[in-house]
Amino acid sequence: MFRFALTRIGMALPTLLIVAVSVFVLIRLIPGDPAQLMLGDLATPASLADLRARLGLDQSLPAQFGIWIGNVLTGDFGQSISSQQAVLPLILQRFAVSAQIVLVAVLLASLVAVPAGVIAAWKQDSALDLGLVATATLLLSVPTFWLGLLLLLFFGLKLGWLPVVGYVSIAENPLAGVLYLVMPILTLFLHEIGVILRMARASTLEVLRLDYITHARAKGLSEGAVLWRHAFKNAFGPTWTLIGLVLGNLLGGIAVVETVFTIPGLGRLLVDAIFARDYPVIQGCMLFIAFTYVLVNLVIDLCYPVFDPRVTAQ
Amino acid sequence: MIRIATSALVLALLGATAQAQTVNVALNADIRSTNPGVNRDDNTDAVVLHMVEGLVGYRENGAVAPLLAEKIDLSSDGLTYTFHLRKGVKFHNGAEMSSADVLWSWKRYMDAKTDWRCRPEFDGRIGLKVTEVAAPDPATFVMKLEKPSALFLDTMARTDCAMVAVLHRDSIKPDGSWDKPIGTGPFQLADWRRGEYVLLKRFDGYVSPPGDRRDGYVGSKRALVSEVKFLAIADGATVKAGLVSGALDVADIPDEEVAEMKKAGTVQVLAAPSATKHALLLQTRDPLLSDVRMRQAIASALDIDEIVGAASNGLGQVNNSAVYITSPFHDAVQKKRYAHDPARTKKLLAEAGYKGETIKLIANKRSTVPSYPVAIMAQAMLQAAGIKSEIEILEWATQLDRYSKGNFQMMSFSYSARLDPAQSYNQFTGPKDKMPSKVWDSREADALIEKATLISDEAERRAIFDQLHTMMLADAPLVFLYNQVDTAAVAKRIQGFAPWVASKPRLWEVSVAK
């Protein structure tokens, strides 16, 4: 298993290099100059030249890339142009905030959506199935920013139960921290239920139509045993893969939710950096997100044998 | 019952009792640093200028007045400024301010390693040059200029230069890097959570400048609340929710939200014109727009009253001048303006030989400026007058890039606040060969602006600005529309808050109702 993991990480290196090169080139192809943005309409040629030289933007692109990638290989992701903070600690700090929301939301969504999807498949075409599918479709269709605003209006303004602006770290004040996280988690939770439920239902339906399920029923096994012992284990593979993809996506991209709920997470850091043309932060974030994606999917792959003994990590 | 219990729990958890004396202010983004005038933007200046002060500052009407100085003497040749410092002023660490601190701060700013944003403004690269500084005694600081300048004190007071704030040397770590601002302001830094908030606490040893009321950055500056928290909130809907729920006390709101916020009843809405200028830029080097008749035709085609009324939701007032509307220099001549005259447009188009070419009008959709609504209305008016135009929406960084390269035909653009008229004209006047971002390329105007920077006599300066305005209206390199009206929603429990011409919140002389 260890060799398998190492091989997979090794295979990811070319991917990360492609990400690094393409992000570096693409962000510089977009018009906009970080020095100009920092000085705004107050820029003079002298102040612009000073700032560009200080930021190293007066060097050629290959030279800038060489310096950056050389530093990245030593673990130095550079310094933010706008905040002048070291990029890697900044990313890790923001990632920790995003990750606590995403992990809890996806875990809760999985715990609700997977059994619900299996039950919907088991009761196919019943009122329960129709109700679950309709709810899942509705939740899937509602944009997260709108859902977030609705929750904010309801729980924050109408009921006054939850704080509407600001953020308190759980490490600093666990109870208050939880209160600030309830709405962002709930937003993602509701949205992801729709995604996961539909996949769990579809893959369970596929398995329920196979001969060995008929055989199990013919043996006189109870419906519960057929469903959970025989159908669920085989049907869970595709849902598990989807959960991995969802996790990978969300860990780097909940900027909208973070903006609505003023959460200082990784998504907001990236979006702000793009608007400010903060090249080191954009490059660092994209590389980190790509690495996270690879890592999450590796973990998902390594877990397959737990659910399906036919799959080995060799 | 559940609601009461939960609310009580929330309040208890968030320490609401302790927050009673905390004023929560929304910023649309986090500050860049706490280093005055170095790594900055408007939000940074607004926060930092609660903690630090300079020798001079802006008054409510934009004029410059002593702040850490008690009085300023100018030598008869106009070259030597002698600043007599106020006595008993203390830094946040308890040390008393003296001319040695002023000298140390100045030298630090002028050191290239500091990266002070305004160093080129004082080292001769832009015009003004300080040749000598001295601290002859603890209460006196002297600055000598290479040549007289009417803009010297105004440049010293500029907010983007952080008022050339006087800092204590403990603001710097032993290795020479920036630590935190130890200034003389009414508030001091308590905590900065990047991406979240900046918390300032009252400086109990603060010695306010003389005056019985707040006057811009001078006058009475007592900190009446124990804490001010500046929260970074990017989303406008969240700001609204914060104001309505009471989680926020002060926030800038877009003009279009004014009616709704007033109706909500939980806040008071305050407005004041600022010196920010909204304008339509015309590229005088464009083959079509190089003909002044085309530019005049465009200016006549615009019903500016209607544009301003709609873009500012009835709050703005037409001002075709580069001098802001509440400036002491905004006289009868500055009130002269373009007239909406479709018949004149038709005549000028015919004279210019306009053949129906399409003009591209660049705009952006930032919520803080009316670039997009202005462009939409201008396009409709141009179409109605027979001038074809297309709007190109760009993201701000891209638009700024096009602006700095002069790569546009028309642009809906906003200039940041400049309080002295000469500084304001400097923003857009100059040789395009050297600075493509300049909109008005006129040697005659350059000479007048240069003259206005050298002389201090108010009447003479006024005459120059009046002449510049008349010339600008005739040349029409751009059409100024109006000065931004800053609208702030303020919780009813807050007393004494007022927006002003510099477009920056001030939390001194602000109290919380019991």
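Helix 5 and helix 10 of chain A pack with their axes 10 Å apart, at an angle of about 150°. Helix 5 of chain A is therefore roughly antiparallel to helix 10 of chain A, since an angle over 145 degrees counts as such. The model described here is a predicted one. The crossing of helix 5 and helix 10 of chain A is right-handed. On the side of helix 5 of chain A, the contact is made by Ser98(A), Ala99(A), Val102(A), Val106(A), Ser110(A), Val114(A), Val118(A) and Trp122(A). Helix 10 of chain A contributes Leu227(A), Phe232(A), Thr239(A), Ile243(A), Val246(A), Leu247(A), Leu250(A) and Leu251(A). By class, this contact of helix 5 with helix 10 of chain A has 13 nonpolar, three polar and no charged residues.

Helix 10 of chain A (residues 223–252) also packs against helix 8 of chain A (residues 174–208): their axes come within 8 Å and cross at roughly 150°. That angle makes helix 8 of chain A roughly antiparallel to helix 10 of chain A. The crossing of helix 8 with helix 10 of chain A is right-handed. Residues of helix 8 of chain A in this contact include Leu188(A), Glu192(A), Val195(A), Ile196(A) and Met199(A). Among those from helix 10 of chain A are Ala231(A), Asn234(A), Pro238(A), Thr239(A) and Ile243(A). The contact of helix 8 with helix 10 of chain A holds 14 nonpolar, four polar and one charged residues.

Helix 8 of chain A has a further partner in helix 7 of chain A. The axes of helix 7 and helix 8 of chain A lie 9 Å apart, and the angle is about 135°. Helix 7 and helix 8 of chain A are therefore oblique to each other. Helix 7 of chain A passes helix 8 of chain A in a right-handed crossing. Helix 7 of chain A supplies Thr144(A), Leu147(A), Gly148(A), Leu151(A), Leu152(A) and Phe155(A) to the contact, and helix 8 of chain A supplies Met183(A), Leu186(A), Thr187(A), Leu190(A) and His191(A). These residues divide into seven nonpolar, four polar and no charged.

| Helix pair (chain A) | Axis distance | Angle |
|---|---|---|
| Helix 5 and helix 10 | 10 Å | about 150° |
| Helix 8 and helix 10 | within 8 Å | roughly 150° |
| Helix 7 and helix 8 | 9 Å | about 135° |

These pairs belong to a chain whose secondary structure comes to 13 helices and zero strands. The C-alpha trace of chain A spans about 85 × 55 × 35 Å along its principal axes. Chain A has 314 residues, of which 41% count as buried. Among the contacts in chain A with a separation of 6 or more, 72% are between residues 24 or more positions apart.

Leu90(A) is placed in helix 5 of chain A. Leu90(A) counts as buried because it has 23 C-beta neighbours inside 10 Å. Apart from neighbours within four places in sequence, Leu90(A) is in contact with Ser80(A), Gln85(A) and Leu269(A). Pro143(A) lies 53 residues from Leu90(A) in sequence and 28 Å from it in space, C-alpha to C-alpha.

Chain A also touches chain B. Each side brings residues to the contact: 40 from chain A and 40 from chain B. On the side of chain A, the elements giving two or more residues are helix 2 (34–39), helix 3 (45–55), helix 7 (144–158), helix 8 and helix 11 (255–260). Helix 7 of chain A gives the most, with five residues. By class, the side of chain A that touches chain B has 23 nonpolar, 13 polar and four charged residues.

The largest nonpolar core has 240 residues, and those touching the most other members are Ile196(A), Cys285(A), Leu280(B), Leu281(B), Ala378(B), Leu478(B) and Leu481(B). Helix 5 of chain A (residues 87–122) provides the largest share of this core, 17 residues. Beyond its neighbours within four places in sequence, Leu478(B) is in contact with Ala279(B), Leu280(B), Leu281(B), Leu282(B), Phe428(B), Val439(B) and Trp440(B).

Two loop residues remain to be described. Most residues other than glycine have a negative phi. Arg277(A) has a positive phi, near 50°, and sits in the loop between helix 12 (266–275) and helix 13 (279–307) of chain A. With 26 other C-beta atoms within 10 Å, Arg277(A) is buried. Asp115(B) also has a positive phi, near 60°. Asp115(B) is found in the loop between helix 3 (99–110) and helix 4 (119–122) of chain B. Asp115(B) counts as partly exposed, with 16 C-beta neighbours inside 10 Å.

Definitions and conventions
Residues are numbered from 1 along each chain as its sequence is written. Chains are lettered from A and ligands numbered from 1 in the order in which they are written. This is a predicted model: local features need pLDDT of at least 70, side-chain atom pairs count only at pLDDT 80 or more; totals for chains, interfaces and linings use all residues. Axes are lines fitted to C-alpha atoms, for helices over the stretch in contact, and angles run from 0 to 180 degrees between N-to-C directions. Helices (H or I, at least four residues) and strands (E, at least two) are DSSP runs, numbered from the N terminus. Angles under 35 degrees count as roughly parallel, over 145 as roughly antiparallel, 65 to 115 as roughly perpendicular and the rest as oblique. A crossing is left-handed if the near helix is turned anticlockwise from the far one by less than a right angle, and right-handed if clockwise. Two residues are in contact if their C-beta atoms, placed from the backbone, lie within 7 Å. Ala, Val, Leu, Ile, Met, Phe, Trp, Tyr, Cys and Pro count as nonpolar, Asp, Glu, Lys and Arg as charged, and the others, Gly among them, as polar. A nonpolar core is a set of buried Ala, Val, Leu, Ile, Met, Phe, Trp, Tyr and Cys residues joined through C-beta atoms within 7 Å. A residue is buried if 20 or more other C-beta atoms lie within 10 Å of its own, exposed if 12 or fewer, and partly exposed in between; C-beta atoms are placed from the backbone.
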